[in-house]
Amino acid sequence: MVVPSRGRNKESPPLKPGQQQQSPGASPSRGRRPHSPGRQQLSGGARTMRKGGGGRRGARGDPRGSCREGPAAQQVPLPLRRGPLRLLRVFGEQLRVFVVDKKAFIIKADSKIWLTFLLAVFAGVLHWCHITALFENDRHFSHLSTLEREMAFRTEMGLYYSYFKIIIEAPSFWNGVGAIMNDRLTEYPLVINTLQRFNLYPEVVLASWYRMYTTVMDFLGVPTKTCWTVNRGKGLSPVESCEGLGDPASFYVAVIFLLNGLMMSLFFIYGTYLSGSRLGGLVTVMCFFFNHGECTRVMWTPPLRESFSYPFLVLQMLLLTYILRIPNINTGSLIALCVSNIFFMLPWQFAQFVLLTQIASLFAVCIMGYIDSNKLQKILNAHMVSLLVCFILMFGNSMLLTSYYAASLVVISRILVWSPKILKSRRREVYVWVIEGCAWLFGTVTLKYLTSFVLGVADDAHIGNILKSKFIGYKDFDTLMYTCAAEFDFMEKETPVRYTKTLLLPVVLVVFGVIIKRAIKSIMWSLSQTGQYEKEERFNHGELVFHALQLLAYSVLAILIMRLKLFLTPHLCVMASLVCSKQLFGWLFYKIQPKTLVFAILALMAIEGSANLQTQWNIMGEFSNLPQEELLEWIKVNTRQDAVFAGAMPTMASVKLSTLRPIVNHPHYEDAGLRARTKVVYSMYSRKPANEVKRELMELGVNYYILEESLCVSRKKPGCSMPEIWDVEDPANRGKIPLCTLMSKNSRPYFITVFENSNYRVLKIPKE
């Protein structure tokens, strides 16, 4: 897929006649630099000999033609025109020159391709080293004990890692898979298929790799880890710490970092292909590093779903760009797109919303006439197949079929079929665009709610409530649990400022402005024409218009939900590569060398970018959470293996991971039933009577409740302490003393305090 792009590089070898038409993304011939004289002479010689061949064929039919004047006669020496042996020698000489010419062309093209891939590998290795060093510097992970490493995986991270741990500790791989498919620990007393409910295929794959790795190494007698005793000081007991890929947590994190190193290689290829120059790949990579803290959080939270999923979105966008550029889609490209979609959707429940914005952007590009409906239909078919495969692999996860993404795929497919028949407009008119756009919006929303109603699915109802809270201030318990977290708040005002300081935002605004200006000019021109117009008369680069529209979609998502800037910032870096594009700035490259422009921009970016990198490198810390360590050790020693626990979602993930005790709630909040359970568990922080809360906890089968006083008093922002959230949900008890405050003073008679330290209080629920 990258190979065809080399023809658009200003440093590529000269095109053969007709080759430019095979690549609609290629820059116009007037924007190309003159080829070197040596290359011209070689190619010209080959063409001259082919012409001479035609003259000799004429001479062979008429012996008197040997006296004919003309270019052919002038190019072939006189002695070579006599006899069949001479003709064979001429043919052999022509063949030799032709082979030499083609060989030189292929070698040069191959060398450029290999150079691109070598630079991509270098970028990937550099990013892998960078995030590995940041993670180690932040937590001193290599010197932590097994328990400390597990505690470092907080909230969702600990929940996901626990399933990896279950599989690798099971008697066999399939026993482990069976255990997570019939799980009673996560939502006691329910038995759930976690492969259906959660996105755990990364853990399944990594667990299989770990088991194979340790089995092979044990068979070969090669040690896989080194262990030693670490003295922690401060009166703490020494712990054993192991380092090497034989340690499960180290193996797990190492694979994630390798995958995200590969992601940076893809970014380099992506930027190179989109811009038509390796300088574009360089700009993409450097912008990513200069804005690293805004682009990713894999170095701080490796097990999150985005760490596994996002690299495949980069691959998918690269494949989609290739498909949009080529005139005819081949089956292999569609299969590759389908596979990349699957690898993107399987690990992450939020992937469907990103793909929704993608197909919406594609539909807009199609409406404006930049891609034909047949090509879009094939892309939609690939999306449908990948959605169906994910639905099957996730054992019928209903959220996939009732998503806006699935509804949008169906609606757009029908619009592409019905619009030409109903509207019967031969040329594109603005009113047709408006009708089709409104039909898509209304049809998608209607079909989504119809399928949810028919199938009785309410698992994603909180998504609509979150959006309502952004626009009309809607509030309920579940919505506030999201919006009170910083990552689900609006984008902070400092983020655009940081983009501006590294010049990322100004550069992208220039690129975006040029694309929009040329697209609008082209659209206005095409609407004013009554017939067909020449391809060269318009801005015929639908892939660039698509990237501009996708940038708008990502911007809206990031402004509404700060967490989603992990889509916006990397896409800004990719868009910045277009500063090297001849399609957009070919006129400027006549006046200034592209390399001069690019390195000047990078030098200015490096002023703030290097400071950002230095800030990351200066982060030095060591993970320690003694109160939670004391809690987990107490649970292991003083409670039965089947004792059931409830408490704050992040703590429950750690309890399940490190003690393997049953829990009734957890941090994976994308299920209506789980949200109802969590609401019951968090009633300890409400103002309800103690006996009512105890009764509801006993109905869930809870034996111990872990109370965290910090949740009772902490307030991230106005209206976001747990008692204040409950005031919205339970106004009848507003004004009373929170139950958590009463329990921290005296838990009797409804609860019995059996453990207490600076952060946690374990309340035993006596049976009545």
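Author: Cysteine pairing and its surroundings

Counting bonded cysteines along the chain, the disulfides follow the pattern 1-2, 3-5, 4-6. The model is a predicted one, in which local features need pLDDT of at least 70 and side-chain atom pairs count only at pLDDT 80 or more, whereas totals for chains, interfaces and linings use all residues. Residues are numbered from 1 along each chain as its sequence is written, and side-chain values use heavy atoms, with hydrogens and water left out.

A disulfide is here a pair of cysteine sulfur atoms within 2.5 Å. Under that rule, three disulfides are found.

One of them joins C227 to C242, with an S to S distance of 1.9 Å. The torsion about this S-S bond of C227 and C242 is about 105°, so the link is right-handed. C227 belongs to strand 1 (residues 226-230) and C242 to strand 2 (residues 239-243), so the bond ties together parts that are 15 residues apart in sequence. Strands (E, at least two residues) and helices (H or I, at least four) are DSSP runs, numbered from the N terminus. Burial is judged by relative accessible area: under 20% is buried, over 50% exposed, and in between partly exposed (1.4 Å probe, protein chains only). C227 is partly exposed, at 36%, while C242 is buried, at 8%.

A further disulfide connects C484 and C720, S to S 2.1 Å. Here the torsion about the S-S bond of C484 and C720 is about -80°, so this disulfide is left-handed. It links distant parts of the chain, 236 residues apart: C484 sits in the loop between helix 20 (477-483) and helix 21 (494-501), and C720 in the loop between helix 31 (709-713) and helix 32 (722-729). C484 is buried, its relative accessible area being 9%, and C720 is buried as well, at 12%.

C712 and C740 form another disulfide, their sulfur atoms 1.8 Å apart. With 65° about the S-S bond, the link of C712 and C740 is right-handed. It too spans distant parts of the chain, since C712 lies in helix 31 and C740 in helix 33 (residues 739-745), 28 residues apart. Both C712 and C740 are buried.

C438 is partly exposed, with 46% relative accessibility. C580 is in no disulfide, the nearest cysteine sulfur, that of C287, being 9.6 Å away. At a relative accessible area of 6%, C580 is buried.

The account now turns to nonpolar packing. In soluble globular proteins, nonpolar side chains tend to be buried together. A nonpolar core is a set of buried Ala, Val, Leu, Ile, Met, Phe, Trp, Tyr and Cys residues joined through side-chain atoms within 4.5 Å. The largest such core has 152 residues, of which L376, F567, Y682, M684, Y685 and Y705 touch the most other members. Helix 14 (residues 351-367) gives the most to this core, eleven residues. At least three residues of the core come from each of domain 2 (252-618) and domain 3 (626-764), these bounds being taken from an automatic or database domain assignment. Setting aside its neighbours within four places in sequence, L376 is in contact (heavy atoms within 4.5 Å) with L362, F363, C366, I371, I412 and L416. Apart from this core lies another, of 58 residues, including L144, L147, A207 and I706.
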